[in-house]
Amino acid sequence: MIDNTRGILAMSASVVVFIFNDALIKLASETMPAIQAIGLRGIFATTWCVLAIAVRREWRHVHRVAQPMVAVRGFLEAAAAVSYLLALAYIPFAIATAVNMSTPLFLAVLAVLMLGETVGWRRWTAIAAGFVGVLLVIQPEPGDINGWTWLVVLSSLVGALRDIIARWVPPVVPSLVVSLSSAVTVGAVGCLWASLEGWQPMPARGIAYIAVSSLLLATGYQFLIIALRARAEYSVMGAFRYASVLWAIALGYVLWGDVPNLLAFAGIAVVVGSGLYSLHRERIRRAG
């Protein structure tokens with residue numbers, strides 16, 4: 001049964017939680033190597049998930065982290081998180097967030113290819129316009145591959161595939177166990193990578209940023225999984241992720257003094273507009 005309201009509310013909550021989580025990780029990355037911050041955050045997030053599982057007495061389900069779809073989703077989560085957070089350390093906050101808004105666009109395409117959802121020509125046009133908006137934000141120039149920004153695009157594609165896989169996670173697996181799988185995988189990848197590069201001293205301020213960030217991350221995992229399991233339509237629910245752009249612009253200005261140029265603002269408007277138009281077309285389709 002379709003439950004768009006539950007999916008929309010959970011997705012909107014995850015947007016706010018994740019954007020503040022990202023801001024704290026960017027602040028932490030200013031005090032230590034980015035990959036080290038990612039690994040430490042994964043350890044903290046794993047701790048929060050374990051405590052939550054203990055409180056809810058769901059230990060009997062922990063073995064389900066080894067189920068194929070749970071494990072695959074955890075791997076994709078690690079790939080998406082590591083690539084995005086590494087890039088976030090090197091590019092403006094609002095720009096990274098705006099480019100990451102290509103996730104719903106990738107999600108709509110993958111939902112057609114992998115889930116058989118129907119998308120009309122108008123929404124295909126909106127999706128294409130959204131990708132043009134992403135290019136306006138990236139502003140590629142001859143001889144300049146904008147490597148870190150393109151890494152965010154790759155992260156968005158992997159993130160969309162992760163969200164598709166979440167639909168195939170058996171309902172018997174509690175959301176907390178799925179969150180635990182993600183946290184453990186991200187923590188393991190980050191810590192292993194940081195160890196290979198050489199672990200660096202960490203100031204108390206950076207550790208505090210990561211501790212709070214990890215709590216927000218664990219909370220965001222829960223909201224996102226609830227949204228993805230709500231049987232809401234991706235084409236509707238995904239549009240609500242665009243609210244994070246406004247938060248990112250505000251936080252980027254307050255914390256780092258970042259202000260996107262006019263072309264980037266135009267790209268952000270195109271990306272957000274394409275998502276909102278997709279939502280509008282979906283409402284018309286359902287009303288008909």
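This is a predicted model: local features need pLDDT of at least 70, side-chain atom pairs count only at pLDDT 80 or more; totals for chains, interfaces and linings use all residues.
Modeller: Residues are numbered from 1 along each chain as its sequence is written, and side-chain values use heavy atoms, with hydrogens and water left out.

Biologist: What makes a space a cavity?

Modeller: On a 1 Å grid over the protein atoms alone, a cavity is a set of points where a 1.4 Å probe fits but cannot get out. Points are joined across faces, edges and corners, and the volume is the space filled by probe spheres set on them. Three cavities of 30 Å³ or more are counted by this rule, and the largest cavity has about 490 Å³.

Biologist: Which residues are closest to the centre of the largest cavity?

Modeller: Phe18, Asp22, Tyr84, Asn100 and Arg162, out of 26 lining residues (those with an atom within 4 Å of a point). Among the helices (DSSP runs of H or I, at least four residues, numbered from the N terminus), α1 gives the most to this lining, seven residues.

Biologist: Why is α2 called oblique to α9?

Modeller: Their axes, lines fitted to C-alpha atoms over the stretch in contact, are compared by N-to-C direction on a scale from 0 to 180 degrees. Angles under 35 degrees count as roughly parallel, over 145 as roughly antiparallel, 65 to 115 as roughly perpendicular and the rest as oblique. The axes of α2 and α9 cross at roughly 50 degrees, so α2 is oblique to α9.

Biologist: And what makes α1 roughly parallel to α11?

Modeller: α1 and α11 pack at about 30 degrees, with axes 10 Å apart; therefore α1 counts as roughly parallel to α11. Contact means heavy atoms within 4.5 Å, and Val15, Ile19 and Phe20 of α1 are among the residues making it, as are Trp247 and Leu251 of α11.

Note on methods. On a 1 Å grid over the protein atoms alone, a cavity is a set of points where a 1.4 Å probe fits but cannot get out, and a pocket is an open set with protein on both sides within 12 Å along at least five of seven lines; lining residues have an atom within 4 Å of a point. Helices (H or I, at least four residues) and strands (E, at least two) are DSSP runs, numbered from the N terminus.
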